[in-house]
Amino acid sequence: MTTETFSAENSRSHLHYQKVARPEDLISKLKIIAFYAGVVIFWLVVASLYRGFGRNWIIPAVSVMWIAGAITAFVARNDEENTTRETRWVILSFLGFLVLYRGILPFIVPLSSAQMAAALDINIPAVSGEAIAGMLQSVLLLVSVLTPVGFIIWCGQKIRQYHGRRTRQSIFEKTKGVRRGQP
Amino acid sequence: MSVSEILQSALVFHVNAFYGIVFFMQANFFLFLGLPAAAYLAYSEIRAKTSLEIDDKRRLG
């Protein structure tokens, strides 16, 4: 445990400030760093699972999400902690969905309409089997495109809201200045 | 092997290495853009978290 003591000699009450660096603080910092490192490794693993699609789309899309989150955290300082936390959870959820989808896909795709109909004891038209394959492809494309786009819109809205709040605050300050005779 | 030959072969190696690095950067362009942003977010979260903690003990001396 490290202890730093600062004494203010000129102060009237002789206040002593003692800054204590606890091991728990270091552990919580290391946990945050490890979490981010884990998300980055997971990002690379998911991108490699999707081969060409991962290299050409997942890496740029997640990269843009990181950048949008970092810019929002930098600009909207009042909500920095929430922005960082939400960014990493959104990215982790997005990657989690992609890895689950990649895992489930090989089990769903080979199922024919006849097998499904026999298993469930219902009548399924043969054409619907082909429609399911197309739907799975569309789901992947929609989720992988709309999630980063939605996240960027959310970041933009957050920055806009922050600037709106700042403008309102500056107007209040200006009004107070006018009242005090300091325009 | 003359000195000029050694220098020439060294230059070839360095030019190849330079191209190798440039192509690697080009191929992983978005990855190199995203990594500093992720690092900044980690730093930002640590800073935001530590700024909320009260670790100053004040006592009257």
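Okay, let's start in the middle. The largest nonpolar core has 26 residues, and the ones touching the most other members are A:Ile58, A:Val62, A:Met65, A:Trp66 and B:Leu41. Before I go on: this is a predicted model.

So who builds that core? In chain A, H1, H2 (51-75), H3 (80-108) and H5 (127-179) each give two or more residues, and H2 (29-52) of chain B does too. As a general point, nonpolar side chains in soluble globular proteins tend to be buried together.

Let me zoom in on A:Met65. If you ignore neighbours within four places in sequence, A:Met65 is in contact with A:Thr87, A:Val90, A:Ile91, A:Pro148 and A:Phe151.

Stepping back to the layout, chain A has five helices and two strands, and along the sequence you read β-β-α-α-α-α-α. Chain B has two helices and one strand, running α-α-β. On burial, 19% of the 183 residues in chain A are buried, and for chain B the figure is 13% of 61. And for chain A, if you take contacts with a separation of 6 or more, 56% of them are between residues 24 or more positions apart.

Now H1(A), residues 23-49. The buried residues in H1(A) include A:Tyr36, A:Val39, A:Trp43, A:Val46 and A:Ala47. Keep in mind that an α-helix has 3.6 residues a turn, so residues three or four places apart point the same way. Just after H1(A), you'll see A:Arg51 with a positive phi of about 50°.

Last stop is A:Ala76, in the loop between H2 and H3 of chain A. Why does A:Ala76 count as buried? Because there are 20 C-beta neighbours inside 10 Å, and 20 or more is the cut-off for buried. Beyond four places in sequence, the contacts of A:Ala76 are A:Thr83, A:Lys158, A:Ile159 and A:Tyr162. And here's one to look for on screen: A:Ala76 and A:Ala117 are 41 residues apart in sequence, yet their C-alpha atoms are 54 Å apart in space.

That's my tour, thanks.

Conventions. Residues are numbered from 1 along each chain as its sequence is written. Chains are lettered from A and ligands numbered from 1 in the order in which they are written. This is a predicted model: local features need pLDDT of at least 70, side-chain atom pairs count only at pLDDT 80 or more; totals for chains, interfaces and linings use all residues. A residue is buried if 20 or more other C-beta atoms lie within 10 Å of its own, exposed if 12 or fewer, and partly exposed in between; C-beta atoms are placed from the backbone. Helices (H or I, at least four residues) and strands (E, at least two) are DSSP runs, numbered from the N terminus. A nonpolar core is a set of buried Ala, Val, Leu, Ile, Met, Phe, Trp, Tyr and Cys residues joined through C-beta atoms within 7 Å. Two residues are in contact if their C-beta atoms, placed from the backbone, lie within 7 Å.
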